[in-house]
Amino acid sequence: MIAKPTIPDPLERPNPRAGAQIGKPVSRVDGRLKVTGGAKYAAEFNTPGLAHGYIVSSAIARGRILAIDTAKARALPGVLQVFTHENRPSLPWFDRKWKDDDAPKGSPFRPLYDATIHHALQPIALVVAESFELARYAARLIHVTYEADDHQTDLREASANAFTPGKDKGGFQPPPKPRGDADKALAEAEVSVDLQFTQAVEHHNPMEMHASTVVYHDDGTLTVHDKTQGPLNTQTYVCNVFDLSKDSVRVISPFVGGAFGSGLRPQHQLFMAALAATTLKRSVRVELTRPQMFSFGHRPETLQRVALGARKDGTLTAVIHEAVQETSQNENYVEVVVNWSGQQYKCDNVRLDYKLARMDTHTPLDQRAPGAATGIPALEIAIDALAAKLGMDPLELRLKNYTDIDPNTNKPFSSKELRACFRQGAERFGWHKRTHAPRSMREGRQLVGWGMATGVWDAMQGQAVASARLGIDGTLTVGSATADIGPGTYTAMTQIAADILGLPIDKVSFQLGDSNLPMAPLQGGSWTVSSVGSAVKAVCDRLRDKLAGLAVGLNDGPLKGLKADDLVFADGFLVAKADPSWRMSVTEVMRANDLSVLEDEARSIPYYKSQMQHALGTHSAVFAEVRVDEDLGTVQVTRVVSAVAAGRIINPKTARSQVMGAVVWGIGMALEEETMTDQRLGRFMNHDFGEYHIPVNADVHDIDVLFVEEQDDIVNPLGAKGVGEIGIVGVPAAIANAIYHATGKRLCDLPITLDRILGA
């Protein structure tokens, strides 16, 4: 019998929640594996007899293949096969419009389907050989004869035939109907601005290039190691395309070296690797080269117009936001670009319009904060321009038109601490020291500019399932078939589980990246903590209730007669709230009940009713300082302060890292990233890291991230909103506005490159 101790003095009682893990800046639990090379990525899984594939890409943007001569390549010793549209096997995929979980409306691109060329760098052949080097060499020996057609890769020309899409894709909300009469209000406005914007094509270019290693087993089953943001999506895709059962395809993707949206849809290297493996009946790996990373989706080129009208006191009277984005010839890729402009500020007269223009390019693809990172910078630059014309402080103008109601839906926000973001961010940045006039702040030949912008992103939740297994030794294993593309998912889920069951971090492990694990949605949109984290909470709550019931039900236990609500879990113990000295360890509870393991599974479902009654979002205020060389026009972003309201922050350390990385990307969006097209050839010119510019160490200076306290009981059971997207949204506009303040030049084409500054 375990004796019940006497009650100690209340002042001497330990804090039963001293070991709480949520909210702690825990270092990544997978960090050691990553820095020591122990983390294995898609192209690092080896197996005996592994063959290698190399993709041959189209040299024209539109037309057809008249002839493809593979004889010299096939004649090389060690070359196993050259797959083209002429000899590929017949598959269900070629006869039906199989889609994946992130596919837009239309007919998905199918490699090797026929002789038609839809876009430059289209994969037209796969060489499979005993080594990568041999496959690459053999690919150079393939001779292709084309018949080229006229192509269209110029968005300005294509926009003449732009069309309005329907509700084409999950998550896409067409612009709301106009409210009031925005055109009339703009014409009658006391002060107005009317600006045209362009957003260049950007490519994801994560550190890990896309690769698929398909292991073929003697029984015909496949183990697929794929760079993916959703193992279940990859599994479903392979099963559909090759007419396989889910029992015969297992997808394993424990680590992903960045994706930013590029892994949401299965890319063509997966199809090629699976095609070769199932046909040759041996294991095959296909990995894209860096130039081939420019052969699939990208952030679409966009043309925008933002016009604002206001009274002399700064009250907005008109908002017009129009956008035309590129899409491919066969799919309608859509983004929520203009809707934010009807939500961000209070205004009675709003007109929003969004159109697509078909071009001879690959279908664009979600890229970090899709739509918001394109549309909100245009709005926020226009707001800054209006403030300048009014002679108002840009922060004052935003506060003047602040709203706690989403004007698009007339729904209140479940939480919105944007005012606190403005206040705390401005204080940290020293905004009150800013002089109003452009070119009024300088240090020698350096023009100093201070700019700011608002950021917003949806707070979303999807259904997810998690399993949990608690051993008698007090170790807990939790799992769900989500991915970890770099934000620290392993760590956050470990913290949630450890917190609920009161276990030390080193007693908890989280499993992901395996299609054999319970269902989870794609990792993207900053909803993984909200979705999968809620499922982890649900299953751990169930284990907690089971343990509590077992503990209080023991006739000879120290917790006998108490209720489950009378207990807390801390440091591996079940502890009485009334007296923390009344306790039992998890091991003691399980041993006393003759249990070696406790297992359960739980599904988390969004609070649909309450969520539908509110607008859900994360918000930020971004303040940026730039220095522009008065003679050379070079720009340095010397300081950025990002104040973020994202509900409950599970891990401030990894969350801060997410926002810092997003700010760096925002610097790239503002000043450097641009995939340029040679319109004569219809192909990208700078498809490598030699010419595709991204921020390097010398471009990145002080980045200060602060999280504003925000409580939200509606958004999900954890109250967490996610920070992956919100960190980038306001950054390009804050930098552009700072450049205006420094130089007096209003630049609306992103990126703001040196030639644009000097030529303005």
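Visitor: Where is Pro 751 found?
Guide: Pro 751 is found in the loop between β33 (749-750) and α20 (754-759). Helices here are DSSP runs of H or I with at least four residues, and strands are DSSP runs of E with at least two, numbered from the N terminus. This is a predicted model, in which local features need pLDDT of at least 70, side-chain atom pairs count only at pLDDT 80 or more, and totals for chains, interfaces and linings use all residues. Residues are numbered from 1 along each chain as its sequence is written, while side-chain values use heavy atoms, with hydrogens and water left out.

Visitor: Which kind of peptide bond joins Leu 750 and Pro 751, and what is omega?
Guide: Omega is about 5° for the bond between Leu 750 and Pro 751, and this bond is cis. Most peptide bonds are trans, and most residues other than glycine have a negative phi.

Visitor: What is the phi of Asp 243, and is this residue buried or exposed?
Guide: Phi of Asp 243 is positive, at about 55°, although the residue is not a glycine. Asp 243 is found in the loop between α7 (231-242) and β11 (249-252). Its relative accessible area is 61%. Buried means under 20%, exposed over 50% and partly exposed in between, with a 1.4 Å probe and protein chains only, so Asp 243 is exposed.

Visitor: What value does phi of Asn 410 take, and how do you know whether Asn 410 is buried or exposed?
Guide: Asn 410, likewise a residue other than glycine, has a positive phi near 60°. Asn 410 is found in the loop between β17 (405-406) and β18 (411-412). With a relative accessible area of 64%, Asn 410 is exposed.

Visitor: How many residues of strand β1 are buried?
Guide: Six of the seven residues of β1 (residues 51-57) are buried, and the strand is mostly covered.

Visitor: How do you know which way β1 and β12 run, and how many bridges join them?
Guide: Three bridges join β1 to β12 (residues 284-287), and the two run parallel. Two strands pair if DSSP finds at least two bridges between them, so the three bridges make β1 and β12 a pair. His 52 has Arg 285 as its bridge partner in β12. β1 also pairs with β6 (residues 123-129), in the antiparallel sense and over six bridges, and there Ile 55 stands opposite Leu 126.

Visitor: In which order do β24, β25 and β26 form a sheet, and why is one side of β24 and of β26 left without a neighbour?
Guide: The three strands form an open sheet in the order β24-β25-β26, with antiparallel pairing. β24 (567-570) and β26 (583-585) stand at the edges with a single partner strand each, so one side of each has no neighbour in the sheet. The twist averages 20° from one strand to the next; axes are lines fitted to C-alpha atoms, for helices over the stretch in contact, and angles between N-to-C directions run from 0 to 180 degrees. β25 (residues 573-576) is joined to β26 by three bridges, and Phe 573 stands opposite Ser 585. Helix α14 (residues 528-552) lies across β24 and β25, at about 115° to β24.

Visitor: At which angle do α10 and α19 pack, and what is this arrangement called?
Guide: Helix α10 (residues 372-390) and helix α19 (residues 731-743) pack at about 30°, with axes 8 Å apart. Angles under 35 degrees count as roughly parallel, over 145 as roughly antiparallel, 65 to 115 as roughly perpendicular and the rest as oblique, so α10 is roughly parallel to α19.

Visitor: Which residues make the contact, and how do they divide into nonpolar, polar and charged?
Guide: Contact means heavy atoms within 4.5 Å. α10 contributes Pro 377, Glu 380, Ile 381, Asp 384 and Ala 388, and α19 contributes Pro 732, Ala 733, Ala 736, Asn 737 and Tyr 740. Seven are nonpolar, one is polar and two are charged. Ala, Val, Leu, Ile, Met, Phe, Trp, Tyr, Cys and Pro count as nonpolar, Asp, Glu, Lys and Arg as charged, and the others, Gly among them, as polar.
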